[in-house]
Amino acid sequence: MFAEVIIDIKNKQVNKSFDYIIPTYLEGILHVGCRVKVPFGKLKRTGYILKTKESTEVTRGLKEIDEAIDLKPVLNEEFIKLAEYISIHDFSFYATSLETMIPQALRMKYEKTIKWVTNSLDESLQKHFKTKKEISFNTIPKELEPILFKEIKLGNLVIDSRIKRVRKEKYITYVHFNSEKVGIPSSKKGMDLLSYLEEINEDIDINSLMNDSGYSKNVIDTLAKNGFIDLYKKEIEPEEDIKNYIDKEVSLNRMQEDVYHSLKLGNEKTYLLHGVTGSGKTELYMRWIKDSIHSGKEALMLVPEISLTPQITAIFYARFKENIAVLHSRLTISEKYEQWKRILNGDVKIVVGARSAIFAPLKNLGIIIVDECHEASYRQSNNPKYSAIDLAKIRSHTYNCPLVLGSATPNAEDYFRAIHGEYELLSLPKRANGRELPKSIVVDLREELKNGNRTPLSNILKEEIIKCYRNHEQSILFLNRRGYSSFVQCRNCGEVVKCPHCDISLTYHGKTNTLKCHYCGYQISNVMKCEKCGSDKIRYVGSGTEKLYEAVKNILPEAKVLRLDTDTVAKMEDYENIYHEFKEHKADILVGTQMVTKGLDFENVTLVGVANADIALHYPTFDANQVAFNLIEQVAGRAGRAKKDGKVIIQTYDPNNYVIECAKNHDYEGFYKKEILFRKASSMPPFSEPIEIEVIGKNLGETKKEAIHIANALRGVSINSIILGPTEAYIFKKKDLYHYVILVQAKEDIVLDKIQYIYPLYQNNKDITISITRK
């Protein structure tokens with residue numbers, strides 16, 4: 001017998017399967033999805049069995065599998081095919097894709113155990129058990145392994161595995177990006193990790209960072225030692241309150257009933273559930289899941305990580321009791337492994353989790369649900385890159401089950417597919433409790449400036465905040481920019497203070513009186529004179545959450561105001577403390593970045609203020625309008641969710657922009673019609689599938705030369721595809737590295753094949769690296 005094995009080496013030449021001989025005593029033991037130790041060159045490497053077969057075309061040099069790591073498959077054929085899809089579609093190495101699908105515990109030191117389950121057993125093995133029924137695999141001498149595996153085949157012994165560290169872990173270690181640190185790391189991996197932490201914009205437990213994101217302990221330790229990140233421990237909180245939560249199943253209204261009965265289990269179909277904020281989508285999810293379980297199937301629900309709050313977990317525990325596994329970042333390695341084993345063994349029928357839960361080893365799926373499907377967090381941005389929604393579609397096809405994509409603000413491409421019949425559109429245009437969506441007022445900030453108001457708060461917003469406070473109601477103020485001022489500028493010569501390592505201005509932070517770069521962490525004391533002309537006429541341009549917070553305190557010094565952004569949330573528990581303090585109405589006003597736009601349900605919030613709706617509008621991406629509309633509409637949906645009416649104040653310098661107009665009227669249809677015309681004119685999704693190739697290097701000339709070379713190579717094979725660039729990236733210089741971008745709108749396979757060929761060529765290149773992302 002022979003096995004096709006993928007070796008765990010991330011290298012172009014090794015990104016393929018190799019044939020190995022399966023030792024006779026392991027025949028019938030090793031299956032597809034098992035990991036093995038194999039000789040590779042002068043070393044022993046871990047490999048994944050993709051296939052077993054009776055013959056091989058390799059005629060010489062065949063080697064034998066040295067050791068079985070797993071005696072039960074950790075991956076099935078479904079996930080092996082998913083890994084192949086990821087490696088081809090998202091330009092990743094096969095081994096990396098396979099590795100990300102198994103829990104980190106299986107990549108650590110764990111113990112294989114043998115249990116004696118019958119009265120019969122070979123005498124040579126009996127003496128090792130003595131009076132015990134279960135012993136460690138390692139107590140059996142190597143020469144007895146053929147007999148051992150024979151007894152396993154006969155069913156006299158059962159093999160299992162457990163983590164060696166059986167002691168209950170009391171703490172989780174979290175990683176926090178230290179924005180106060182000046183300078184940049186010396187290694188590329190260190191810079192990549194800091195970029196990743198900046199991108200996710202929240203603390204992450206160290207195990208998730210290593211497991212889901214692929215960063216090594218050495219890189220993390222080095223960054224911590226040099227002060228770029230902080231490591232802190234948090235005690236694991238008991239879940240007694242969660243499991244004691246009382247289920248509050250509510251009756252469906254007429255619209256919900258119609259939507260509920262429209263979904264048919266037992267067939268492969270994608271449904272787009274477009275429901276306004278507060279329309280009762282979660283109750284529908286749970287009913288469909290319940291129906292799936294009653295039909296003998298399983299259910300998988302994906303949620304954005306920020307929405308995976310204790311309330312969501314509590315609701316599902318209350319409805320489904322012990323029949324649910326919840327996968328989230330607060331779990332320890334041992335807990336994640338135990339949950340994974342419960343799922344693998346069929347002990348639970350429902351899995352709820354964030355992006356990586358798409359790899360939950362359910363074997364009989366009856367429904368897949370993706371809540372807030374517009375969220376960018378469903379696409380992993382570092383290797384292996386993948387879209388959890390794309391993988392959900394593949395799993396839906398595999399199990400012939402429905403896929404539900406739910407959102408109050410679906411992406412234009414999803415809505416396009418729904419109205420053109422590729423998806424079935426389900427609509428909930430009104431809130432479940434019958435209350436109207438909050439009334440919105442647009443304020444022209446240009447008029448405010450003409451009237452001498454230079455604060456972040458328009459006069460009407462000030463009035464509404466004060467009125468809200470006096471009525472003992474709560475307000476949320478949203479500004480998607482932290483710090484005090486966006487940049488510092490000399491009024492005499494116009495010079496802007498920039499980061500020496502990045503092509504971006506420094507942000508002023510009033511609390512520390514410093515200027516910071518939010519990309520590399522560079523920091524200096526605030527400047528009092530212009531370095532270029534010597535003038536002391538320094539002005540602070542723009543506003544951040546720090547300045548907004550100060551403005552609120554100026555008009556209501558007696559109010560309790562909380563600020564929620566990455567400068568105030570140093571630890572995950574800080575977020576939880578702010579959340580609970582506001583939830584329990586121990587604070588009156590919450591000021592924050594996009595952290596306040598989702599996952600929050602406060603019954604006493606009646607006012608939402610969008611301090612500057614234009615920030616996202618002018619970002620140089622094809623979906624900037626979509627992101628801006630989503631942010632405004634999502635944060636607006638926090639107001640008036642219970643018994644009191646809500647109001648939204650939208651401040652903008654561009655009040656006639658169709659995004660602002662549509663957000664004001666909660667008019668998703670109107671927004672979509674205009675957005676899709678723009679997409680069609682520019683051949684952007686859903687009319688193409690753009691691929692962005694970012695070429696990165698230390699030397700400006702060499703980086704540009706290599707970017708031109710790659711673009712020309714793609715043009716050389718292209719017939720109908722559009723190859724744009726290379727152009728300088730939006731932030732051209734970041735952490736002393738230059739970034740060029742090539743945008744490919746591929747319309748033929750030969751261009752995709754060329755990109756697939758190019759990607760590995762740069763993986764071991766110290767001078768030039770490339771990053772490929774499907775947009």
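Start with the charged side chains: in this predicted model, the protein chain has 111 positive and 104 negative charges, and their mean positions are 2 Å apart.

Now show the whole chain as a C-alpha trace. Its C-alpha atoms fill a box of roughly 95 × 65 × 50 Å along the principal axes. The radius of gyration is 28 Å, which agrees with the value near 28 Å that a compact globule of 775 residues would have. Of the contacts with a separation of 6 or more, 73% are between residues 24 or more positions apart.

The accessible area is about 34800 Å², and carbon and sulfur atoms contribute 49% of it. Of the 775 residues, 55% count as buried.

The remaining stops concern the backbone. Most peptide bonds are trans, and most residues other than glycine have a negative phi.

Select P685 and P686: a cis peptide bond joins them, with omega about 15°. P686 sits in the loop between α21 (668-681) and β33 (690-697).

Move to G725 and P726, where another cis peptide bond has omega of about 10°. Here P726 is part of strand β34, residues 722-734.

D736 is not a glycine, yet its phi is positive, about 65°. Its relative accessibility is 28%, so D736 counts as partly exposed.

Finish at K321, in the loop between α11 (310-320) and β15 (324-327). Phi of K321 is also positive, near 55°. K321 is exposed, with a relative accessible area of 53%.

Terms used. Residues are numbered from 1 along each chain as its sequence is written. This is a predicted model: local features need pLDDT of at least 70, side-chain atom pairs count only at pLDDT 80 or more; totals for chains, interfaces and linings use all residues. Side-chain values use heavy atoms; hydrogens and water are left out. The radius of gyration is taken over C-alpha atoms; the globule rule is 2.2 Å times the number of residues to the power 0.38. Buried means under 20% relative accessible area, exposed over 50%, partly exposed in between (1.4 Å probe, protein chains only). Contact means heavy atoms within 4.5 Å. Accessible areas come from the Shrake-Rupley method with a 1.4 Å probe; for residues, only the protein chains shown count as cover. Lys and Arg count as positive and Asp and Glu as negative; His and the chain ends are not counted. The place of a charge is taken as NZ of Lys, CZ of Arg, CG of Asp or CD of Glu. Helices (H or I, at least four residues) and strands (E, at least two) are DSSP runs, numbered from the N terminus.
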